[in-house]
Amino acid sequence: MILAGDIGGTKTNLGIFEVQQGKLTKVQDKRYPSREHAGLEEIVSDFMKTTGVKPAAASFGIAGPVVENRVHTGNLPWVIDGPVLAKMLGLSRVRLLNDLEATAYGIAVLGPGDLETLREGLPAPQAPRAVIAAGTGLGEAILFWDGTKHVPTATEGGHADFAPHTEQQVELWRFIKERSEFTSNELILSGRGFKTLHEFLGRGVRHPGFDDPSVDPAPEITRMALAKECPICVEAMNLWIDIYGSEAGNLVVRTVARGGLYVAGGIAVKILPLLKGGRFVTAMNHKEKMEEFLKQVPVRVVLDEECPLKGAAYVASKGL
């Protein structure tokens, strides 16, 4: 029995998996609101009591840089320590992964129905691949071919500086800079970015969730954009997709990811009809001297939101 976890700023998903006929199968799971708990040890302890399972291996994907199997989480006041968890679970080792590294491993165990193709591109099976995922934060990862398989490596590229390339985006940069010392991609390309863009585009337009700190306005903006109930929501979503596509293109160019781009994270699934509309790949392609190259890169959306959880389970099952 394998214990796996996907730990983010909003939610923590834990699952028990077992290998059946060479395939990972989830047998139990539970979702926890991350901010309602003091740390991962508290959540794992509750889950173990609930399931009554003694795992033979465990691995966790966590939003944040993993250094010597230890993580200071970026969106939570937690320190997660692999040896501490291993001692708690009675295991010799618990492997901690960056959440995008876990997502990249998870892509290997997805089925064809778990992916939506935005562009077929030209196949390059042994070329590098890239993963980008917007959710509570923005994550990026790379998969390199080692001669027999693709091997993921984590990055913290989501915290790189936002680079505007239209007059409107320059004004957006100024708008964010007035509020924040930093103007990172993650400040825009995450759930909190929807409200920022809405306030930038329609400074006098407010929705009920905007003034309640306990309410996340992103679902409301997304719903109204998809239903075309609010012109500012529609405009905000279009601008968000333009910036997301542009950053995805930056990632592909920097890594020469001819093997394909995978768009993961919870937001992509929720706005899939808009991603399929063409704005995302158009913005991705718009790079100096790189347009023809980028047009050949396959682009797929990961539909399975449990991809990072499955990736962590895969790593534990293989003892990686």
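Helix α3 (residues 99-107) packs against α12 with the axes 6 Å apart and at an angle of about 80°. That angle makes α3 roughly perpendicular to α12. The model is a predicted one.

**Helix packing**

Both sides of the α3 and α12 contact can be named. From α3 come Asp 99, Ala 102, Thr 103, Tyr 105, Gly 106 and Ile 107. They meet Cys 307, Pro 308, Lys 310, Gly 311, Ala 312, Tyr 314 and Val 315 in α12. By class, this contact of α3 with α12 has eight nonpolar, three polar and two charged residues.

By class, the contact of α4 with α7 has three nonpolar, two polar and one charged residues.

**Strands**

An open sheet of six strands runs in the order β8-β13-β12-β9-β10-β11, and its pairing is mixed. Which strands stand at the edges? They are β8 and β11 (150-154). Each has a single partner strand, so one side of each is left without a neighbour in the sheet. Neighbouring strands of this sheet are turned by 25° against each other on average, direction ignored.

Leu 115 stands opposite Val 302 in β13.

Strand β7 (residues 95-98) pairs with strand β4 (residues 57-62) in the parallel sense, over four bridges. Ser 59 has Arg 95 of β7 as its bridge partner. Both faces of β7 are covered. Arg 95 and Leu 97 are buried on one side, Leu 96 and Asn 98 on the other.

**Salt bridges**

The structure holds 22 salt bridges. Three of them are set out below.

| Pair | N to O distance |
|---|---|
| Arg 95 and Glu 101 | 3.2 Å |
| Arg 300 and Glu 120 | 3.8 Å |
| Lys 270 and Glu 305 | 3.8 Å |

Arg 95 returns here: its side chain meets that of Glu 101 in a salt bridge. Arg 95 and Glu 101 are both buried.

Arg 300 bridges to Glu 120. This pair links distant parts of the chain, 180 residues apart. Arg 300 is in strand β13 (residues 299-302), while Glu 120 is in the loop between β8 (115-119) and β9 (129-134). Glu 120 is exposed, with a relative accessible area of 52%.

The side chains of Lys 270 and Glu 305 also meet in a salt bridge. This pair, too, links distant parts of the chain, 35 residues apart. Lys 270 belongs to helix α8 (residues 266-270). Glu 305 sits in the loop between β13 and α12 (307-318). With a relative accessible area of 40%, Glu 305 is partly exposed.

Some salt bridges share partners. In this way Arg 179, Lys 195, Glu 199, Arg 206 and Asp 211 are joined into one network.

**Two loop positions**

Ser 184 lies in the loop between α4 (167-179) and α5 (191-201). Is Ser 184 buried or exposed? Ser 184 counts as buried, at 12% relative accessibility. What does Ser 184 touch, not counting residues up to four places away in sequence? The contacts are Gly 158, His 159, Ala 160, Asp 161 and Phe 162.

Pro 77 is found in another loop, between β5 (70-72) and β6 (79-81). Its relative accessible area is 79%, and exposed means over 50%, so Pro 77 is exposed. Pro 77 and Gly 8 are 69 residues apart in sequence. In space, they are 12 Å apart, C-alpha to C-alpha.

Technical notes:
Residues are numbered from 1 along each chain as its sequence is written. This is a predicted model: local features need pLDDT of at least 70, side-chain atom pairs count only at pLDDT 80 or more; totals for chains, interfaces and linings use all residues. Side-chain values use heavy atoms; hydrogens and water are left out. A salt bridge is a side-chain nitrogen of Lys or Arg within 4 Å of a carboxyl oxygen of Asp or Glu. Buried means under 20% relative accessible area, exposed over 50%, partly exposed in between (1.4 Å probe, protein chains only). Two strands pair if DSSP finds at least two bridges between them. Contact means heavy atoms within 4.5 Å. Ala, Val, Leu, Ile, Met, Phe, Trp, Tyr, Cys and Pro count as nonpolar, Asp, Glu, Lys and Arg as charged, and the others, Gly among them, as polar. Axes are lines fitted to C-alpha atoms, for helices over the stretch in contact, and angles run from 0 to 180 degrees between N-to-C directions. Angles under 35 degrees count as roughly parallel, over 145 as roughly antiparallel, 65 to 115 as roughly perpendicular and the rest as oblique.
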